[in-house]
Amino acid sequence: MVCGKKNVFTMWMNRKTGSVFLKTLNHVLNVLKFSTNVRTQPPRKPGPSRPPWSLLFFGTDQFAVESLKVLTSCRNPSKGIVEKLEVVSLPGDLPVRRFAQQNQLTLHNWPPHDLEGQFDVGVVVSFGRLIHGGLIDKFPLWVSIIND
């Protein structure tokens, strides 16, 4: 999967993340890019059937930052799979919060409020909190959960 100029596997070749994580993230990005129906059940509310999509990312640590970097590089409304990318993190001086601030990504505190109709897809990577069903249902297309 290529977003911009870098291949997901090439970006992390020298990182300590495992190959299972890389395969999973690559799969997530491919599903987002090429699928017309990401959920197996019909969406509760209609969302766009093709990218680019609005994503809400949930994460806290450096492991999550690596995924957020890839999604940030895929943010291009005209050619990419990510039209809008915002971040939810826990309070405190955390790597994901710092990355979001440094890259001018809208940052939401946990738990997020008023998400109805704002995002198509949720991506949860090493977040450290249980995402309840009511929140998952706010995403009409899909929620992907990747833990380290």
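Is E116 buried, partly exposed or exposed? With a relative accessibility of 42%, E116 is partly exposed, where buried denotes under 20% relative accessible area, exposed over 50%, and partly exposed the range in between (1.4 Å probe, protein chains only). The model is predicted, and local features need pLDDT of at least 70, side-chain atom pairs count only at pLDDT 80 or more, and totals for chains, interfaces and linings use all residues. Residues are numbered from 1 along each chain as its sequence is written, and side-chain values use heavy atoms, with hydrogens and water left out.

Side chains of opposite charge can pair when their charged atoms come close. Four salt bridges (a side-chain nitrogen of Lys or Arg within 4 Å of a carboxyl oxygen of Asp or Glu) were found in a search of the whole structure. One of these links E116 to K138, with an N to O distance of 3.1 Å. K138 is located in the loop between helix 5 (133-136) and strand 7 (142-146), and E116 in the loop between strand 5 (106-109) and strand 6 (121-125), so the contact ties together parts that are 22 residues apart in sequence. Helices (H or I, at least four residues) and strands (E, at least two) are DSSP runs, numbered from the N terminus. K138 is partly exposed, at 29% relative accessibility.

A salt bridge also joins E66 and K69, whose closest N and O atoms are 3.5 Å apart. Both residues belong to helix 3 (residues 62-73), where a spacing of three residues separates them by about one helical turn. E66 is buried at 5% relative accessibility, whereas K69 is partly exposed at 27%.

In a further salt bridge, R98 meets D93 at 2.9 Å, N to O. R98 is partly exposed, with 32% relative accessibility, while D93 is exposed, with a relative accessible area of 62%.
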